[in-house]
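Here are my notes for your first pass through this model. Keep the structure open as you read.

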Amino acid sequence: MNHSCLYLPSTPLNMLVSVALAVHQRQSMPETHSALWLIDQANTRANPYYESLLAWEDAPFDSVQILPGLVKNGVGRGKLAERRQNFLQIDQWLSQFQAQNGLPHVVATGSDRRVEFQYVMHRITQQAARPQGWYLDDGLYSYAGRPHHWFKDGVNALLKKLVYGFWWQEPQTVGASDWIDQAWLFRPKAAVKPLQQKTTQALSEDLFLAPPVQTFCGALMEKHGVDQASMQTVQTLVLIPHPNNQKKIRGYAQQVQALVKRLVDAGEQVAVKYHPRQAGQDALGLMSDANVMVLPSNLAFEMLLPALPENARIIGDVGTALLTAKWLRPDLTSYALLNEEDAFSRQFIPLMQTMGVKTVGAIQDL
């Protein structure tokens, strides 16, 4: 591995993979210098992940920074102004990194569609030999791919080249651009073909069992008020889907309420985690029994995994969460509620089954 690495995560899973790789690098090559810049963040003033990284005394990073992604819609003036400001900040941080360690030999990201990543690669290439680009597995679309629309994507690519520069590339799927040399994947052989054409590296679950990584997850749980001792008693964790997906299942609220009641009546300790987009602390009224714990919706699911007891059961739907559970905690049993009548859900059934996630068509089947 190289001696200087810059990690550019934008999601909690990106960040966890960055932490695990940086810890491994430091243990195997103590002379390694790493920095982490949390990019595209809607919350920069009180970001719990950023704050936890800063407070981490044994962090594997020489420096930690954060960049905003507050303007989300369109390519309007506000978004362009924000990104130009981010480019200026990137130039400043790169200069600081270079003064201390030389320019990074590796730049790692969970999405090469992020303009910040491509800009960093472009700027370093202008000043030195091109660094290696690493794609860090970000879950579902590494294996299901991303719908590609030649006209829409082509127009988008041209606009971005005109606005940002001709260094911009529009990959057909995440991780497929020419900026990426290596793909770090949980299941390399199951990845979409464009990723398999890169040099692939396997992300072993052992990377995430390293004590510093477990400590970091524990700190995040504590920051969000999660009692790890109580988590050790959980027998079933129910992941509530995005509100839009709930609407696709007729009577979803009543069905999940009945499921939780059935589990509690059977003597189980149940935890519930709502989707971050769900309004309110307990929108479906599932915490009516003392044996039901509602977990913080704004804490990423993968950060909770170390605290779950062996052989706990997880119930979810379409998304990366159940895949993450199989990759990081293969001892846990996962069930995906996938409605075969819904075309979007139906297309993911083979993938979930291939990954070892059990699929059910109705809540009553659980």
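1. Start with a term. Contact means heavy atoms within 4.5 Å. With that in mind, look at helix α14 (residues 320–328), which lies across β8, β11 and β12. The helix runs at about 165° to β12. Remember that this is a predicted model.

2. Now the sheet itself. It is open and has six strands, in the order β10-β9-β8-β11-β12-β13. The pairing is parallel. Strands β10 (292–295) and β13 (358–360) are the edges, and each pairs on one side only. From one strand to the next, the twist averages 20°.

3. Zoom in on one pair. Strand β11 (residues 313–316) joins strand β12 (residues 333–337) over four bridges, in the parallel sense.

4. Next, the interior. In soluble globular proteins, nonpolar side chains tend to be buried together. Here the largest nonpolar core has 103 residues. Those with the most contacts inside this core include Tyr7, Trp37, Leu53 and Ile314. Helix α1 (residues 12–28) gives the largest share, nine residues.

5. Take Leu53 as an example. Leaving aside neighbours within four places in sequence, Leu53 is in contact with Met15, Val19, Leu36, Ala59, Phe61, Val64 and Phe216.

Key. Residues numbered from 1 in each chain as written. Predicted model: local features only at pLDDT ≥ 70, side-chain atom pairs only at ≥ 80, totals over all residues. Heavy atoms only, no water. Pairing = 2+ DSSP bridges. Helix = DSSP H or I, 4+ residues; strand = E, 2+ residues; numbered from the N terminus. Axes fitted to C-alpha atoms, helices over the stretch in contact; angles between N-to-C directions. Core = buried A, V, L, I, M, F, W, Y, C linked by side-chain atoms within 4.5 Å. Buried < 20%, exposed > 50% of the residue type's maximum accessible area, 1.4 Å probe, protein only.
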